[in-house]
Amino acid sequence: MSGSLLAELVEICGPGAARVAQGDDRVAGRHADYVAAPATSNAVSRLLRLAAEHGLGIRPRGSGSKIDWGTRPQRLDIIVDTSRLHGMWDHDGSSAIVAAGTPVDAVQAALARHGRRLVLDPPSPGATIGGVLAVNESGPLRHRFGSPAGQAVSVALVDPVGEIVDLAEWESPAPGVITSAVLPVEELPEARRWVVRPVSTPTEVNDLATRIVAQEFALSAVEMDMPATGPGSFAMLLEGTAGAGRPAPGGWRVSWVRSRSSGPRRRSGGGAIRSGRPMWRCAFGSGPVTCMRSGSCCVMPSDRRWRSVARSGPGWCMPFCRGG
């Protein structure tokens, strides 16, 4: 059957878009037999219908940044490469339709040329729209804007038997292969700064979180690194229009500026204003990481390497394991 199956995959996906799997075509250590890269929803539908008819195991793959997340597949006959499901359209209004295999960074770059953005900041390098939705992967922007699953206006996918489905409400994970999604788009903020304050103890973090909640200070993102030894860092993302200074929690004074700073600039209360990528993009190390939940603290285990996203609102705490 192997020769005829490859021929069928080529017929569905096109010349050069289906091949015998190579050494790195594996999921959680299980090697695939074939890799197929469909370019349309109809091609994905035909491919999954073929797999269902023959009882074949499939697993979708975007950039591969999270390919080993989740359970190990019992069998893996075909990796469905979504890289040809690429592009964005209808992005002039309050939302955009984005194909599943499109990298988030590519979408952000295209929208930025029009002064717009998605409010997604997945930690995985090279993460695609489909991968982010499949595992509901989010970064610190979740504090203000919610999870990717909660943001999605609708998600189009092909279910395991090859039916094309458009879901108005998305809950990950869902069986099948995501092909596209309608996501909200907003204007880029005129100015944005990460304000970073050193913290020493969970009690100090708790006090700071309590003050932030009491002041109802508008934050786009919150992130914290609290290692087992040494000082930690508490970071807040402030976004808005350039203009006069405004008070911030903990005795900070924040001045909005357009230009990128050459480095941290000290402010009253021990805060520092920084431009560029937030600290959650960096490895936190192997020690325990503390995150806030409802104004209290919880400590992540030290035997894993975690990224934590902290929110000072009720009952919210989201750790991220450092993955591939």
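What follows is a talk about the chain, its sheets and its cores.

Mentor: Ground rules come before the questions. Residues are numbered from 1 along each chain as its sequence is written. The model is predicted, so local features need pLDDT of at least 70 and side-chain atom pairs pLDDT 80 or more, while totals for chains, interfaces and linings use all residues; side-chain values use heavy atoms, with hydrogens and water left out.

Trainee: How many helices and strands are in the chain?

Mentor: Both are DSSP runs, numbered from the N terminus: helices are H or I with at least four residues, strands are E with at least two. On that basis the chain has seven helices and 24 strands.

Trainee: What share of the residues counts as buried?

Mentor: Buried means under 20% relative accessible area, with a 1.4 Å probe and protein chains only. The chain has 324 residues. The buried share is 49%.

Trainee: What share of the contacts with a separation of 6 or more joins residues 24 or more positions apart?

Mentor: A contact means heavy atoms within 4.5 Å. Among contacts in the chain with a separation of 6 or more, the share from residues 24 or more positions apart is 56%.

Trainee: In what order do the four strands of the mixed sheet lie?

Mentor: Two strands pair if DSSP finds at least two bridges between them. The order is E1-E4-E6-E5.

Trainee: Which residue in E6 is the bridge partner of Arg-59?

Mentor: E5 and E6 (residues 78–81) run parallel, joined by four bridges. In E6, the partner of Arg-59 is Ile-79.

Trainee: Which residue in E11 is the bridge partner of Leu-157?

Mentor: This pair sits in an open antiparallel sheet of five strands, ordered E7-E8-E12-E10-E11. Four bridges join E10 (residues 154–158) to E11. In E11, the partner of Leu-157 is Val-165.

Trainee: Which residues touch the most other members of the largest nonpolar core?

Mentor: A nonpolar core is a set of buried Ala, Val, Leu, Ile, Met, Phe, Trp, Tyr and Cys residues joined through side-chain atoms within 4.5 Å. The largest has 21 residues. The residues asked for are Leu-118, Ile-129, Leu-133, Val-155, Trp-170 and Leu-183.

Trainee: How many residues form the other core, which lies apart?

Mentor: Its members include Ile-12, Val-44, Leu-85 and Val-158. The count is 20 residues.

Note on methods
Buried < 20%, exposed > 50% of the residue type's maximum accessible area, 1.4 Å probe, protein only.
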